[in-house]
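Please keep the sequence and the structure in view while reading.

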Amino acid sequence: MNSPLEKVFTLPELQGHIVHYLDRGSLVLCTRVSAQWHRLFNPHLWRKVLFRVPRDFSRQGYLVQTLDLHMGDIPQDQRNHIRQHCSCLRTVHLHFQQLAPQGLKHLFDPIQHNGFVGEHIVELEIHVAEFSVIPLILPWLTHVRRKGYLVSLQRFMLGNGQLLGESQQIEVEDVLRFLQVFPKTRMLSFGRIPIGESRQISAQEAEWEKWGWRENDEDVEQEDYADKEQPDQRAQEQEQEQTVESGSVEAPLTSPLYDLDIYPRTISVLSRLLRRAPGLNRLCIRKAKDPQILSVIQESCPRLTNFRYVGNGRKDLIEFDWQTFLPHYPFTDALFFEDALITDRTVHAIAESCFRTLQHLTLSYGTMVTTNSLIEILRSCTALEWLQCTTDSVSGDLFSHANSWTCCGSLRVLKLFGVQLQGLEENEAFRVRIRQLPRLEMLSVKGSGFRIESLLNEEDLSISPSSSFSPSNGSSGVSFEWSPSETTAVVFGARHCYRHLGVITMPKFERGVITLPHLKALLEAMPHVAYINFLDGYDEEAREWLRVHRPNLDMGVVVW
């Protein structure tokens with residue numbers, strides 16, 4: 001007879017809550033406790049299949065919900081086995097080095113018992129290194145949906161690993177049709193794949209006819225070949241707008257799209273896509289050069305709270321009128337600029353417009369801001385959690401006690417490149433400022449002028465090596481000892497001054513290397529650190545101690 005405790009464990013609600021906190025290794029241990037626990041916990045081991053493919057899915061394949069595979073390593077018969085037995089997939093990420101058109105058709109064949117087009121799939125990612133099949137993916141998935149499959153799809157990502165030429169793109173008409181036949185789409189990402197528009201029959205349409213995708217589908221034929229009957233696509237869209245009220249259009253003109261990541265070749269492409277997504281909340285624009293994109297975004301996306309712009313390389317920086325654009329989005333919580341010309345005027349606009357809600361700010365490559373602009377951000381944005389800035393020079397004034405940071409209580413990630421400290425006083429100011437960030441989890445700094453005093457003070461270094469210390473990450477213990485004159489408060493402060501720091505990257509110290517006492521004091525102050533990189537700035541004794549006592553600590557570079 002089952003005990004009360006065993007009966008409690010059989011409750012599905014409690015099982016789900018417990019499993020949520022267990023990693024895969026813990027689940028394996030649970031399955032080995034008893035036959036009953038094996039029956040309870042074994043199904044949860046199959047919820048996610050990541051990279052390593054089990055040989056046989058015939059018994060447990062229906063339990064798999066998340067699949068993330070490099071398909072190039074999987075033979076065709078194994079692919080058929082997976083799609084046949086994994087019938088309840090919800091999240092599918094597939095990576096290909098190359099994919100033939102017939103392989104695409106076979107993998108996503110709209111037939112029963114094909115898990116890759118199942119009714120439960122909510123998220124689908126397809127990444128193909130070679131471009132040739134990319135333009136065919138959206139039309140084929142549109143065809144699959146019209147056959148009654150992939151009915152729950154909400155998030156779709158399409159990726160490519162090549163540097164593409166001017167003629168390589170996917171057609172905006174294919175994207176619009178995709179949004180029309182997948183009305184539940186919430187997220188759409190094309191990364192670096194260009195989206196363009198052309199009014200002539202392309203090679204991919206010839207491929208459609210060759211495959212006969214649309215020969216037996218009257219609905220698809222009626223809508224998808226409308227472009228041939230009406231040369232002007234915009235005239236067609238106006239006609240659809242006039243007939244939508246009568247119900248003759250199969251899907252609404254607007255989409256519940258929430259997150260969009262695109263590389264529009266023209267301003268027209270961007271406008272046509274954004275008109276379909278008036279409720280867009282997250283937008284990433286890549287490589288667009290036309291300054292008019294900001295006015296198009298402003299007119300079409302009044303609800304943006306997360307905006308990302310990625311330029312076309314540091315040799316081709318475009319200056320946009322961010323000062324006029326940003327005030328229209330006072331509730332922005334994340335801004336990301338890469339390979340974009342960002343000046344002090346832009347940073348001033350950010351500090352004035354988004355100071356209430358901004359949590360994430362990245363200014364990466366192309367940034368031409370001064371230390372005073374960064375001080376203004378740190379003084380104004382009270383909710384800031386992530387700050388990353390790549391600029392030529394950041395002076396030690398940024399860390400001076402005379403310049404207040406109102407985000408000290410919220411800042412979790414600080415990544416600064418180009419920091420230049422002058423003398424002992426600025427190193428000590430850096431240390432004091434970093435210790436005022438109680439939630440800091442990642443510190444990454446590149447620059448010059450750093451000394452050991454930028455992280456440790458004399459009281460930290462006065463702790464000698466024999467007191468007990470047990471790292472929280474399960475690695476070997478470290479011994480410390482302090483003199484009788486040291487107070488408990490000093491030791492407590494040393495152990496907890498960087499208590500949440502898990503990742504730290506710093507330049508080599510200018511005066512000397514990190515000795516063993518320095519290293520032990522640092523690890524004592526960072527009990528949760530998992531990654532530490534000082535660019536191999538350790539002496540031989542410290543390296544040997546790390547090899548013996550902390551072999552699992554990620555050092556970033558090989559130090560032994």
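**Salt bridges and a parallel strand**

R412 forms a salt bridge with E385, the closest N and O atoms being 3.2 Å apart; a salt bridge is a side-chain nitrogen of Lys or Arg within 4 Å of a carboxyl oxygen of Asp or Glu. This pair links distant parts of the chain, 27 residues apart: R412 lies in the loop between strand 15 and strand 16 (413-420), and E385 in the loop between helix 17 (371-380) and strand 15. Helices (H or I, at least four residues) and strands (E, at least two) are DSSP runs, numbered from the N terminus.

The model is predicted: local features need pLDDT of at least 70, side-chain atom pairs count only at pLDDT 80 or more, and totals for chains, interfaces and linings use all residues. Residues are numbered from 1 along each chain as its sequence is written, and side-chain values use heavy atoms, with hydrogens and water left out.

R412 also meets the side chain of E441 in a salt bridge (3.5 Å, N to O). E441 lies in the loop between helix 18 and strand 17 (442-448), 29 residues from R412 in the chain. With a relative accessible area of 21%, R412 is partly exposed; buried means under 20% relative accessible area, exposed over 50%, and partly exposed in between (1.4 Å probe, protein chains only).

Strand 13 (residues 360-364) is largely enclosed by the rest of the structure, because four of its five residues are buried. Strand 13 pairs with strand 11 (residues 334-338) in the parallel sense over five bridges, where pairing requires that DSSP finds at least two bridges between two strands. Within that pairing, A334 stands opposite H360. Four bridges join strand 13 to strand 15 (residues 386-395), again in parallel, and L361 stands opposite L387 there.
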